[in-house]
Amino acid sequence: VQLREYFGTLPGAMFTLFQIATLEGWPDITRMMWETDQWYMSFLILAFLMVTTFSIMNTVLAVIVEHTLSEAIEQRADMIKKNQATLHNSVKLLADIYNRADVNGDGMLSKEEFVNGLMNPKSRKLLQGMELGDDFSCLDKEELAILFDTIDVDDSCELTPQEFVKGLVQMRGAAKARGVFELRCDMSKATRKMQESLKEVREQVQRQHNDIVALDRRRRDDFESLASRLCAIDAKLDALRGAAG
């Protein structure tokens with residue numbers, strides 16, 4: 001009788017299936033179905049339950065994941081735009097500081113111009129707003145000279161606008177980031193010096209090789225000259241023997 005109430009009519013059967021899909025009273029309905037002649041319908045109910053439950057769960061999870069990914073993508077895009085705008089402003093400020101520090105207007109910054117330019121209170125105030133750290137405004141002339149040597153990777157004793165901007169932009173952030181930048185600059189300098197040393201060694205080896213080749217050529221020439229002289233002496237001796245005989 002109860003099964004007829006659940007499945008006797010099409011609307012009733014649809015409502016019962018909806019009830020099973022929501023996990024409401026499905027064990028009782030399945031047990032009642034198991035005790036009838038159509039006990040095999042219990043497996044259909046279980047199959048329907050698993051399919052609908054997993055479908056609903058997957059749908060809900062898909063909606064949640066899609067929403068989360070959309071939010072993450074939007075936040076990342078906003079962060080990229082913000083970082084690009086910040087970097088653009090930083091480059092513009094550094095270009096202004098560079099032009100102000102370039103006293104002679106030759107387009108290059110010497111160590112003296114670099115130190116004097118960054119000792120300027122206006123320049124320090126601008127740099128302090130670029131997240132260079134509170135300790136940056138406390139650097140004295142000697143420390144600024146060390147900073148110049150750090151940024152001057154090619155040891156040219158001059159900074160191009162690109163070196164100046166790139167060096168100070170990479171100094172932004174926490175002290176750990178600045179330490180990594182300084183370490184990378186030191187490694188670049190060490191690599192360049194090692195390459196120069198290897199180049200000098202190659203040149204010395206090449207010069208020694210050329211000297212050895214030249215010495216060997218002179219020895220061969222001397223040997224050939226000596227052999228020619230010996231042949232001439234033998235010829236004269238043969239002539240003397242013939243005359244004496």
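Which residues of helix α3 (residues 26-34) are buried? I looked this up in a predicted model, where local features need pLDDT of at least 70, side-chain atom pairs count only at pLDDT 80 or more, and totals for chains, interfaces and linings use all residues. Residues are numbered from 1 along each chain as its sequence is written, and side-chain values use heavy atoms, with hydrogens and water left out.

I found Ile29, Thr30, Met32 and Met33 buried in α3. They lie on the same side of α3, because they cover an arc of only 160 degrees around the axis, taken from the directions from the helix axis to the C-beta atoms. Buried means under 20% relative accessible area, exposed over 50%, partly exposed in between (1.4 Å probe, protein chains only). Helices are DSSP runs of H or I with at least four residues, numbered from the N terminus.

I then looked up salt bridges (a side-chain nitrogen of Lys or Arg within 4 Å of a carboxyl oxygen of Asp or Glu). The structure holds 3.

- Lys111 pairs with Asp149, with the closest N and O atoms 3.0 Å apart. Lys111 is in helix α5 (residues 111-119) and Asp149 in helix α7 (residues 141-151), so this bridge ties together parts 38 residues apart in sequence.
- Asp216 pairs with Arg220, with the closest N and O atoms 3.2 Å apart. The two are 4 residues apart in helix α9 (residues 175-244), about one helical turn.
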